Amino acid sequence: MWWKNRIAYQIYPRSFQDSNGDGIGDIPGIISRLDEIKELGVGIIWLSPVYKSPDADNGYDISDYCDINSKFGTMADMEKLFAEAAKRGIRIIMDLVINHTSDEHEWFQKSRDPASPYRDYYIWRPGKNGKLPNNWTGFFMDKAWEYDEKSGEYYLRLFDKKQPDLNYKNPKVIEEVKKILTFWLEKGASGFRCDVINIIYKTSLEDGKKSLSVQGIEHYKSQEGNHKILRELRRDVLDKYDCFTVGETVFVDLKEAKLLSDESRKELNMLFYFDHLEVDRRIAQFIPKKFRARKLLEVITKWQQGLEWNAIYFENHDQPRIVSHFGAAEKDSKYWKRSAKMLALFELTLRGTPFIYQGQEIGMTNFDFENLNELNDAMSHGLDKLMKKLCIPGFLRWNWIKASSRDNARTPMQWDESEYAGFSKAKPWLGVNGNYKKINYASQKKDPDSILNFYKAMAAVRKNSDCLIYGEFIPIYADNRLIIYQRRLKNKESQKDETYTIALNFSSRIVKIPGKFLSLFSGIPVISASGQKEFNGSLLPWDGVLVSNT
Ligand code: GLC
Ligand code: CA
């Protein structure tokens, strides 16, 4: 299966490469960087939304699914992108955002008229005793309903007020989605990353259990109706094409994930879960708590062993940068580089399809903004408002926003040392990180010891090893700093096991491999984050090592 043995790369178009000097990344900009993506060893691109949109949530609010946001270019540019990527052996998957549309979508505009045939495309309800229709809260730390003057009722919106939720009890909506899928598959898309895909079907609109997180979610998370729709899309459209889907599945647990992605059920091909990125967070991703490597290995093991196939990711456009989160960038910045490589070694030795997010391959760090006004992220602003209401002091609010803001990942890609980091000739839509002279693509391309070249080397190691792609995941040992695991695959011809052992140090101390596991490291290191060629049983600070046992 081509989508199992390739590495994917996520592009957030707005922040990737501007070609026309308006400070906003665009499709021609992406085309101009395809060679760099190819060189990295990537075979799939996931493109965050490029559709027509008023950008209330940076394109995750779509007003026309079959048109391109003029900020990003034209349909002709998009067709050229498919063609140019194909020439380089790269397949593109689109972002499918179908839980909601923009309020500026034609369907919603028509739906505001209670007599319209589009009324039922969305979820409209009258207020209850002068209050909202139910007690649900949304994902942006806000209420879940919005009043519409024109129709005298409320509509459900689990995200921004400009993102009304579609009504999946209406079969017409499902037919519309099939048309959208077909449109893009015919144009050349090879699949879809499906936005918040496990919450599209609202079984009931009853009040939710009291919760500090998303209140009401038990009425719509991973419901039977949701499974049915996924199977229908697979059967009627997706299975007719050579394509795959990766679902973004929020608050998903392993049991639900299996139902959503086990191959025999014919729903999703793989999914993004959040557990591993929340091992040092409370209340979903917001409040930091102490990191423990043991906990991380526990969570990774659960998913690696629990699912038939994993989508592996450490970063995306919603998450802090991994080198700031699990790496040393903030804890001990002299190890910024080595820790970024160690994390690359980690991600690329897990079982599944790895997704690298733009900038991860050069170890980009969290933003360096100093106050909320510099941020664009609607979620950060929502979180601040909510915390203010709860009388949480300013410095704490800012610390938590810094640790969780989605803008950490959205600052412009750092291509070179020139002004605005070579991202644009004009002031970008979101500030460039001040560290771009130290951290940029051009300087790393020249430096054999760079993070970028380490990613390339790791991609090559993985590409040549079925064991690293398909092999079984075996946890060996973990404590608060150290993680050891193996990958193992039975070679069908020789009947011999092929085995790799991996050790990772998540601390600034030298750590010794416990005596009883030392023999696992007697082979020659294939690669290590520190560049050490021999392994004497101690891991340098933030080092990672991959040893072949075969
Ligand atoms: C997903 C997207 C996020 C967006 C939300 C609503 O979580 O990744 O960026 O805001 O869905 O579409
Ligand atoms: Ca532009």
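Predicted model: local features only at pLDDT ≥ 70, side-chain atom pairs only at ≥ 80, totals over all residues.
1. Overall dimensions. The protein has 550 residues and a radius of gyration of 23 Å, which agrees with the value near 24 Å that a compact globule of this length would have. Along the principal axes, its C-alpha atoms occupy a box of roughly 75 × 50 × 50 Å.

2. Secondary structure and contacts. The protein contains 15 helices and 22 strands. Among contacts with a sequence separation of 6 or more, 69% are between residues 24 or more positions apart.

3. Burial and surface. Of the 550 residues, 62% are buried. The accessible surface of the protein amounts to about 21,600 Å², and carbon and sulfur atoms contribute 50% of it.

4. The shell around ligand 1.

5. For D318, the corresponding distance from a polar side-chain atom to a ligand oxygen atom is 2.5 Å. Ligand 1 taken alone exposes 300 Å², and the protein buries 96% of that area.

6. D280. This residue belongs to the loop that runs between strand 11 (270-272) and strand 12 (281-282). Is D280 buried or exposed? Its relative accessibility is 5%, so D280 counts as buried, the cut-off being under 20%. Its side chain makes a polar contact of 2.8 Å with the side chain of H325. Beyond residues up to four places away in sequence, D280 touches I287, P288, K289, K290, F291, H325 and F326.

7. K221. The loop between strand 9 (191-194) and helix 6 (224-236) contains K221. With a relative accessible area of 18%, K221 is buried; the value falls under the 20% limit for that class. Which side chain does K221 join through a polar contact? The partner is E256, at 3.1 Å. Once neighbours within four places in sequence are set aside, K221 is in contact with N198, I199, V250, F251 and E256.

8. N129 has a phi near 45°, a positive value in a residue other than glycine. N129 lies in the loop between strand 6 (124-125) and strand 7 (145-148), and its relative accessibility of 77% makes it exposed. K266, also a residue other than glycine, has a positive phi near 55°. K266 sits in the loop between helix 7 (254-261) and strand 11, and at 42% relative accessibility it counts as partly exposed.

9. A460. Helix 14 (residues 451-463) includes A460. This residue is partly exposed because its relative accessible area is 36%, a value between the 20% and 50% limits. How far apart in space are A460 and L40? Their C-alpha atoms are 9.0 Å apart, although the two residues are 420 residues apart in sequence.

10. G531. The loop between strand 20 (525-528) and strand 21 (538-539) holds G531. At 39% relative accessibility, G531 counts as partly exposed. G531 and V545 are 14 residues apart along the chain, and 9.0 Å separates their C-alpha atoms.

Notes
Residues numbered from 1 in each chain as written. Chains lettered and ligands numbered in written order. Heavy atoms only, no water. Polar contact = N/O pair within 3.5 Å; in protein donor to acceptor, adjacent residues only side chain to side chain. Areas by Shrake-Rupley, 256 points an atom, 1.4 Å probe, with all protein chains shown as cover. Helix = DSSP H or I, 4+ residues; strand = E, 2+ residues; numbered from the N terminus. Rg over C-alpha atoms; globule rule 2.2 N^0.38 Å. Buried < 20%, exposed > 50% of the residue type's maximum accessible area, 1.4 Å probe, protein only. Contact = heavy atoms within 4.5 Å.
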